[in-house]
Amino acid sequence: MSPFPPSTGMNAEEKRLEESRLRIVHWKRWGPYLSERQWGTVREDYSPNGDAWDFLPHDHARSRAYRWGEDGIMGISDRHQLVCFALALWNGRDPILKERLFGLSANEGNHAEDVKEYYSYLDSTPTHSYMKALYKYPQEEFPYGKLLEENRRRTRNDPEYELLDTGVFDKNRYFDVFTEYAKTSPEDILIKITATNRGPAEADLSVLPTIWFRNTWAWGRDDYRPVLRAIEELSISEEFGIRGSQVIGVEHKTYGRRWLICEGEPELLFTENETNAEKLFGGQNRAPYVKDGINDYVVQGNREAVNPDRTGTKASALYRLRVAPGGTATLRLRLTDREPQIVRRSAPRLVMAAAPDSELLGQGFNAALAIRRAEADEFYAKRAPAGLSEDAKNVQRQAFAGLLWSKQFYHFDVSTWLEGDPAGPPPPESRKRGRNHEWSHLYNADVISMPDKWEYPWYAAWDLAFHCIPLAQIDPDYAKEQLTLLFREWYMHPNGQIPAYEWAFGDVNPPVHAWAAWRVYKIEKRIRGVADRVFLESAFHKLLLNFTWWVNRKDAEGRNIFQGGFLGLDNIGVFDRSSPLPTGGFLEQSDGTSWMGMFCLNMLAIALELARENRAYESVASKFFEHFVYISQAMNDCGPEGIELWDEEDGFYYDVLHLPNGDRHYLKVRSLVGLIPLLGVETFDEELVDRLPGFKNRLVWFIDNHPNVRSHVEISQTKEGRRGLLSLVNRSRLERVLRYLLDESEFLSPHGIRGISRFHKDHPYVLQVNGTEHRVDYEPAESTTWLFGGNSNWRGPVWFPINFLLIEALQKFDHFYGESLTVELPTGSGHRASLWGAAAEISHRLTRIFLRSAEGRRPVCGQIEKLQSDPHWRDFIYFYEYFHGDNGAGLGASHQTGWTGLVAKLIEQSGEAI
């Protein structure tokens with residue numbers, strides 16, 4: 001089965017994807033799988049109190065061997081992260097080598113953790129046959145202390161103090177360091193590093209391309225130690241009128257022999273990827289050379305810090321450059337499995353032993369790099385809608401690049417982590433009862449799509465579901481692999497729960513994985529012309545387990561009204577919804593119940609699709625139809641049990657506080673919680689139902705024997721035939737909710753749908769409980785509370801994932817109602833539009849966050865003039881975690897291309913506004 005329609009033919013990258021899919025050629029064995037922050041993570045935390053940030057802080061990272069993974073700047077590794085490559089830099093002024101990105105921990109930032117660097121992912125193909133990234137490195141001393149002190153001084157009501165604010169980029173005194181990778185084969189990788197001095201004066205720059213092994217030998221489980229060594233006999237000096245070369249041999253039992261070929265005559269430095277226990281803890285080092293040895297050699301001039309025998313498990317090629325103002329220095333390297341040898345011509349040349357006419361660093365290097373770059377252009381040209389502006393193409397392509405660069409090898413064996421390693425101290429007793437102790441089955445060692453490889457260098461279950469939608473546009477196989485991972489026995493809990501994230505695998509995220517599986521299935525079918533029913537059926541069976549877990553664990557009174565905790569919306573509620581309520585009792589959650597309604601409909605849609613070829617699924621489809629109806633009734637019908645989640649007076653859905661004495665009260669916060677019921681919607685055509693007689697008979701029987709069902713099912717006549725609508729929200733309630741949704745003084749911002757209505761700016765919601773005030777204000781920027789760590793804010797900003805789902809919901813409603821239902825857009829304007837038009841308008845408002853306006857400004861950049869107007873900054877796009885509810889400025893994690901990468905899908909399906 002070819003992955004692309006035969007009529008279109010396959011370009012070079014599509015052929016590589018096909019070879020990878022068939023496992024003919026392992027094009028994805030090497031990729032950008034390094035983390036950007038391994039320190040401060042739960043998996044590296046062996047403290048008795050679970051304080052991950054302080055157990056392994058940034059200041060320890062250069063000296064301490066990691067247990068579970070590696071990090072670096074613009075780096076790559078193999079998919080098991082045994083061999084790693086990345087850049088280190090030194091400007092001659094910094095107190096340490098720049099080996100990893102710096103940022104503040106959750107305890108140091110005034111809005112919790114935050115990276116304090118400027119870097120951009122500029123390009124990547126799905127097989128990583130071509131990649132490009134940029135890091136901006138100041139020429140003045142990096143202000144580590146200033147960033148820390150000023151952010152600690154500021155309060156939650158102050159903006160964050162950023163690297164640009166320190167003045168370190170004034171007069172453009174910095175280097176643009178670009179790194180490009182190109183594969184001539186799966187095991188032969190060209191590396192080009194380009195450093196441009198943007199400043200007004202000549203400046204020094206030391207560049208250290210670094211190769212090392214992940215430490216797998218120090219823990220008492222596998223004593224095998226791989227080796228790096230300088231290969232003297234392959235060294236060529238520059239005295240022959242050529243640039244010369246140095247070679248580092250790479251030997252690992254998994255991959256055999258490799259060579260890192262370095263153009264020029266860099267000084268080769270070797271040490272061990274071992275902890276400097278003497279420096280950190282006053283203990284004894286396992287080896288005479290340690291992880292920070294190269295740092296100490298370069299920065300402190302300690303010549304005894306590196307191995308004079310030029311062998312070890314970590315090695316750097318030290319290039320000392322002096323770059324003129326506006327000048328550029330270029331370095332070329334090659335990581336290859338092609339054995340090199342020297343041939344003598346007019347001057348010695350380093351060639352492939354198997355092909356002596358092929359110089360490893362000759363003219364073919366630049367030609368091959370150019371070919372891969374052109375193939376990337378060709379691949380993405382097919383994915384941009386016709387008529388798209390160059391600016392929009394750039395936004396879409398960088399969104400895809402961010403998604404692909406955010407792949408990371410994620411390794412975490414919880415059982416081993418809980419038990420401790422034979423070579424390490426025994427873990428404290430508290431670990432047996434502490435974080436994640438109920439997830440001892442979990443074993444992760446895979447390349448996974450991260451939300452943000454610095455701020456969130458661990459997978460988050462519901463984020464990952466959204467990542468898969470734009471990923472499916474360019475690599476459906478990878479998207480399917482990501483969803484399948486979460487359903488594997490060594491990920492999913494035996495009880496059916498999907499792991500949330502490493503800080504608390506048992507937390508509850510919205511159940512969006514059936515939706516994602518269904519969407520990825522349909523996207524692939526559209527792209528490839530062939531449906532992967534095996535994937536869909538396999539996912540469905542695992543999702544049945546997850547659905548059962550939800551029903552058994554989150555329906556407190558068995559009334560089809562669901563809880564679930566914070567459900568990914570962090571601080572959106574009056575209370576911390578993952579903690580016991582100060583009032584006692586529990587919340588009947590509008591969003592929790594709505595998510596389950598949506599889950600039912602997604603499972604129904606999948607079951608009906610599978611029933612086309614296997615009638616056994618008809619009865620399962622009937623079950624999900626019935627369950628949906630019961631949930632819809634519970635949400636919308638008052639009955640004898642109390643009050644429903646719909647408030648007829650306001651015309652909106654709210655959470656309901658259920659007190660221990662049986663009283664129930666609306667928590668009247670107009671937020672996404674009350675919009676999520678719109679997501680529980682699905683349409684179906686009579687033609688499909690007629691083809692499934694078993695399902696149709698059960699459907700008719702259920703409706704005939706449950707008269708109230710008719711209020712939850714609508715039928716309309718279209719040109720194509722009769723069409724049905726299943727929705728948590730009936731037409732009259734839909735129209736009332738849409739008045740809020742499309743009101744610019746409520747939810748509709750210039751840049752999408754806000755998390756909380758702007759109504760609460762002047763009308764905060766206040767609840768007094770036991771003498772304590774609980775308050776919800778409209779906060780369009782950063783959070784002013786520490787609820788859920790305070791590093792994100794759902795009380796006003798615009799978030800892409802829910803916006804994307806709302807757009808889809810409006811499209812589904814339009815598919816059913818068509819021209820019979822129009823809305824004021826925006827509310828109060830007098831202008832009528834279809835629901836399809838409303839969906840397109842929201843989509844365009846979201847994409848405009850990133851696009852240059854007529855005045856040449858991007859809302860995402862806010863008031864940062866350098867990002868808005870400097871030609872060396874303005875076209876590098878930052879895909880933030882969320883966006884200011886009034887002006888669209890980027891907030892939160894700066895590289896969360898994960899779900900914000902959905903903009904690539906919006907551009908594909910809706911284009912850009914005129």
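Is Ala 423 buried or exposed? At 51% relative accessibility, Ala 423 counts as exposed, because the cut-off for that class is over 50%. Good morning, colleagues. Before I go further, please bear in mind that this is a predicted model.

Let me stay with Ala 423 for a moment. This alanine sits in the loop that runs between helix H9 (414-419) and strand E22 (443-449). Setting aside neighbours within four places in sequence, Ala 423 is in contact with Ala 218, Trp 219 and Gly 220. Trp 217 also deserves a mention: 206 residues separate it from Ala 423 along the chain, yet the C-alpha atoms of the two are 9.8 Å apart.

The largest nonpolar core contains 270 residues, and the members that touch the most others are Ile 211, Phe 625 and Phe 850. The element that gives the most to this core is helix H14 (residues 590-611), with 14 residues. As a general remark, nonpolar side chains tend to be buried together in soluble globular proteins.

What is Phe 625 in contact with, once its neighbours within four places in sequence are left aside? The partners of Phe 625 are Leu 604, Phe 695, Leu 699, Phe 702, Ile 703, Val 709, Val 713 and Leu 726. Another core, of 19 residues, lies apart from the largest one; Ala 182, Ile 242, Val 247 and Leu 350 are among its members.

Helix H14 brings me to helix packing. The axes of helix H13 (residues 533-553) and H14 come within 10 Å of each other, crossing at roughly 145 degrees. The crossing in which H13 passes H14 is left-handed. On the H13 side, the contact residues are Arg 533, Leu 536, Glu 537, Phe 540, Leu 543, Leu 544, Asn 546, Phe 547, Trp 550 and Val 551. On the H14 side, they are Met 596, Phe 599, Cys 600, Met 603, Ile 606, Ala 607, Glu 609 and Leu 610. Sorted by class, the contact of H13 with H14 comprises 14 nonpolar, one polar and three charged residues.

The crossing of H20 past H24 is left-handed. H20 contributes Phe 800, Pro 801, Phe 804, Ile 807 and Gln 811 to the contact, while H24 contributes Leu 902, Val 903, Lys 905, Leu 906 and Gln 909. By class, the contact of H20 with H24 has seven nonpolar residues, two polar and one charged.

H20 also packs against helix H21 (residues 835-847), at an angle of about 160 degrees and with the axes 7 Å apart. H20 and H21 are therefore roughly antiparallel to each other. The crossing of H20 and H21 is left-handed. From H20, the residues involved are Phe 800, Asn 803, Ile 807, Leu 810, Gln 811, Phe 813 and Asp 814. From H21, they are Leu 835, Trp 836, Ala 838, Ala 839, Ile 842, Ser 843 and Leu 846. The contact of H20 with H21 divides into ten nonpolar, three polar and one charged residues.

Ser 843 belongs to helix H21. At 0% relative accessibility, Ser 843 counts as buried, because burial here means under 20%. Not counting residues up to four places away in sequence, Ser 843 touches Ile 807, Leu 906 and Ser 910. Of these, Ile 807 is among the H20 residues that meet H21, and Leu 906 is among the H24 residues in contact with H20.

Which peptide bond is cis, with omega of about -5 degrees? That bond joins Leu 825 and Pro 826. Pro 826 is located in the loop between strand E35 (822-824) and strand E36 (832-834).

The remaining two residues have positive phi values without being glycine. Ala 112 has phi near 70 degrees and is placed in the loop between strand E4 (103-104) and strand E5 (114-115). His 128 has phi near 60 degrees and is found in the loop between strand E6 (119-124) and strand E7 (130-138). Ala 112 is buried, with a relative accessible area of 1%. His 128 is likewise buried, at a relative accessible area of 1%. Thank you for your attention.

Conventions: Residues numbered from 1 in each chain as written. Predicted model: local features only at pLDDT ≥ 70, side-chain atom pairs only at ≥ 80, totals over all residues. Heavy atoms only, no water. Left-handed = near helix turned anticlockwise from the far one by under 90°. Helix = DSSP H or I, 4+ residues; strand = E, 2+ residues; numbered from the N terminus. Contact = heavy atoms within 4.5 Å. Nonpolar A, V, L, I, M, F, W, Y, C, P; charged D, E, K, R; others polar. Buried < 20%, exposed > 50% of the residue type's maximum accessible area, 1.4 Å probe, protein only. Core = buried A, V, L, I, M, F, W, Y, C linked by side-chain atoms within 4.5 Å. Axes fitted to C-alpha atoms, helices over the stretch in contact; angles between N-to-C directions. Parallel < 35°, antiparallel > 145°, perpendicular 65-115°, else oblique.
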